[in-house]
Each structure stands twice: as C-alpha cells, then as structure tokens.
Amino acid sequence: MKVLVLGSGAREHALVKAVAADPEVDAVIAAPGNPGIDATALCVPVDILDGAAVAAVAREHEVDLVVVGPEAPLVAGVADVCREAGFAVFGPSAEAARLEGSKSFAKEVMAAADVPTALAHVCTTMAEVEAALDALGAPHVVKDDGLAAGKGVVVTDSREVALEHARTCLDKPDGRLVVEEFLDGPEVSVFCISDGETVVALAPAQDFKRVGDDDDGPNTGGMGAYSPLDWAPAGLADEIVRRVAQPTVDEMRRRGTPFVGTLYVGLALTSRGPKVIEFNARFGDPDGQASIARLETPFAQLLLAAATGGLAEFGRLRWSDDHAVVVVVASAGYPASPRTGDPITGLDAAAEVPGVVVLHAGTALDAEGTLVSAGGRVLDVVAVASSLAKARQAAYDAVAVIELDGSHHRTDIALRAERGDITIGGAR
C-alpha cells in the first residue's frame, strides 16, 4: 500500500519510519515532512489545514491510507474531507477530535461515560476562576480549554500564577478554561487505537513535561519519555481500555460521532486508582515515540485496520521485550522564546550509537543547504536496548555528540524508574 502521513515533527518522523518498516508498504508520502523525514518518504509541500489540498495530494499519489499526525488538522476537519473524497483515514473527524480540542467537552463525555477523572470547574470569568481555586485548593491546575500544543496547562502552588494563566486563557476570543483538582501519583500515557467500536492499547509510556531536571520550570510539549513501565500495575493497559477508552469510544459512537484514530489517555496513577488527566486525539510527542519503538506488529496494517473498521479481527499486538528511552534536544530559549537558525551537527555520529534513531522535530535546511534548528524542540533521540539502564546510556551517549549552540536537554529522563524509586500515589 501507499501511505500519506500529514505533519512535520518528530511524531510524524516516527510514524513515517514505523509505516515504512511495514512489509505491506510500497511508498510513504509526507506532507509537508521535514529534512529527516525526507530520507525515508517523498515530502510534498502542502498546507495540512487545507482539507481539499490534502485530498488532492492523496488523489495525485493514489494513496491507500491517510494518517493525520498533529491535532490542528484534525480539529480543522481535514480527516472529514479526505474521508468524503473516498480515502481510508486514520484520525478522528472534527467533531470527534473535540475530545482534544475542548477540555470542557472532554469532561462532559467522561461524565457521560462514567470515566474516572479529576473534579473540574469550567470557567468563563475571573470570578468563576477564583471560586474554583477556592473550592479545589492548592496545588492549582488551570487548563486552557482549547488547543495549546501541550503548553496550555499550569500546575502551581501559587494562586497568583494560577490567576495570571487564567487571565491569559480568558483574554482569548471566546476564552474558556478548566480548573481541576490536583491528582497525586505518577503520570502515565496510554495510546489507544480505535476503529469507532473496537479499542486496543499500546504499551504505556511516561513522559516528562517540565523543562528542567527534577520536574523544575514551566511545562513544555515534552522533554523525554520511556517505555515499558516496570513499576506500573500489571495489566494497566487492559484496565484503561476497559474503564476509560472503551466507554469513551462507546459514548462517542452513541452520540453519532464515532472516534476513529488514536485516543491518548493521560493518567495519574493516584492512591485512589487511575484517573484521567486529559484526552488527546493523536499520538503524543515524545511519549508516542517510546511506545511505537517497541511495537513489533506491522504498523501500517494496524492503522489501516483501524481506519476501515477491522480491529476486531486484527489480533493482539506484539511487543519487543526491549526498553525505549527518548531524550529531547531543545533550542536555546525554549520554551519561552526559542531561538532558531542555529546549525546542527553530529547526527551521523549519534546514529552510530547502537540502538539509536534520531528523529527530526524542528529542523530545516537554510539557503546553503545546512541543517539548522527551526523550532523549540529540535531533535528526539530514541534509544532501544535490552534494559532501561542500557537504553538511557545509549540515548545520552548519542545526545553528547550532537552539537547545537545553546541547546539544552533533561539529564534525568527515566532516572527514577532506573533506580526503582517511583511509587503509586506518591510524588509525580
């Protein structure tokens, strides 16, 4: 088959490589792609928010499957346009993607599906925000209602910081936000694949949102991840399908808006059991890379089965026993004011480290053809090895030979897991 993958980040680079490795795949087209993706797929320039333009590319290349990577084209309805044009699409409709596009809508669906989640107040005025902060107490969790590329959430003990973030959210057109209770316990990512009726889960991963070591500093789009989670309860993924993903997919189908694609379930493993922090409508970055790196089931065939209603007959997923660790290399100034245009070198040396793949997140070629930074998160270094310690070592060995002026990365990705000091219901 031929597969078209939409997007230009490290998530899409991982999707392209996984799809291309499927023996059933003859060709991969990426729109618009990036310099790293260009080594594996045919990259074509297109506005991925323009459904008609995307459908035209799919038609021109006679693709058998369209895979929508980022959230923005999903919420914009690009999947709908491609489906109407007759293509099999992995990615939810605009209506179903509201599970990510609106935190308040997601809370409404969770309530209807009896999904365990944090108590929450939807607010449209500062008076409502202040009342909600008083009712739920500190630590305060304030979430922008709409898309915010993983950076719309503030978790803080400071009432003033919480109020300032709330003002920023409400100052937007039709500004709304959600104030939630704080959930104790380590956070876990479970990516669930749905064909609108049947749901299967990928192996859980854990990601690291704060910019600095020891979870210091502001939230980012993600600074690293790892999988599997040896400390998590046995059967966690199956439990999340049963208690969270399947009831949610059933509720979406009941509403006439079936969810086809990836339902990301962000969890806190609290002292009172797993509770949902948020839903997303696509693979995460970088936690999705950690889960996909260990999947042995042919990836494109899995996505096609989901896109065509065939998951019930697809069979159980197969997994490597290896461990995967992802470390993100970020540009100077990220996340507040990322610097772009700096040359990147050392990628060939990094790729020579056994078990390592370097994914391009925010890169470009300048006028002279030099690889330069083009975003806040620049590279995702993915290492797979027989143990967590070996995977961490390989990832950081590769990071050490990459040169990008002013870049920074966390040095503690998966460190607590390697030391065995993560407890459920304890500190995040």
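What share of the accessible surface of the protein chain belongs to carbon and sulfur atoms? In this predicted model, the share is 49% of an accessible surface of about 16400 Å². The protein chain has 428 residues, of which 58% count as buried. Its secondary structure consists of 14 helices and 24 strands.

**Overall dimensions**

- The radius of gyration of the protein chain is 20 Å, which agrees with the value near 22 Å that a compact globule of 428 residues would have.
- Taken along the principal axes, the box filled by the C-alpha atoms is roughly 55 × 45 × 45 Å.
- Where contacts join residues at least 6 apart in sequence, 70% of them link residues at least 24 apart.

**Nonpolar cores**

- The largest nonpolar core comprises 83 residues, and Leu-4, Val-66 and Tyr-226 have the most contacts inside it.
- Helix 9, spanning residues 236-254, supplies the largest share of this core, with eight residues.
- Apart from this core lies another, of 33 residues, which includes Leu-15, Val-28, Leu-65 and Ala-88.

**Surroundings of Val-66**

- Neighbours within four places in sequence being left aside, Val-66 is in contact with Leu-4 and Leu-6, and also with Ala-58 and Cys-82.

**Charges**

- The protein chain carries 35 positive and 62 negative charges.
- The mean positions of the positive and the negative charges lie 5 Å apart.

Notes: Residues are numbered from 1 along each chain as its sequence is written. This is a predicted model: local features need pLDDT of at least 70, side-chain atom pairs count only at pLDDT 80 or more; totals for chains, interfaces and linings use all residues. Side-chain values use heavy atoms; hydrogens and water are left out. A nonpolar core is a set of buried Ala, Val, Leu, Ile, Met, Phe, Trp, Tyr and Cys residues joined through side-chain atoms within 4.5 Å. Buried means under 20% relative accessible area, exposed over 50%, partly exposed in between (1.4 Å probe, protein chains only). Helices (H or I, at least four residues) and strands (E, at least two) are DSSP runs, numbered from the N terminus. Contact means heavy atoms within 4.5 Å. The radius of gyration is taken over C-alpha atoms; the globule rule is 2.2 Å times the number of residues to the power 0.38. Accessible areas come from the Shrake-Rupley method with a 1.4 Å probe; for residues, only the protein chains shown count as cover. Lys and Arg count as positive and Asp and Glu as negative; His and the chain ends are not counted. The place of a charge is taken as NZ of Lys, CZ of Arg, CG of Asp or CD of Glu.
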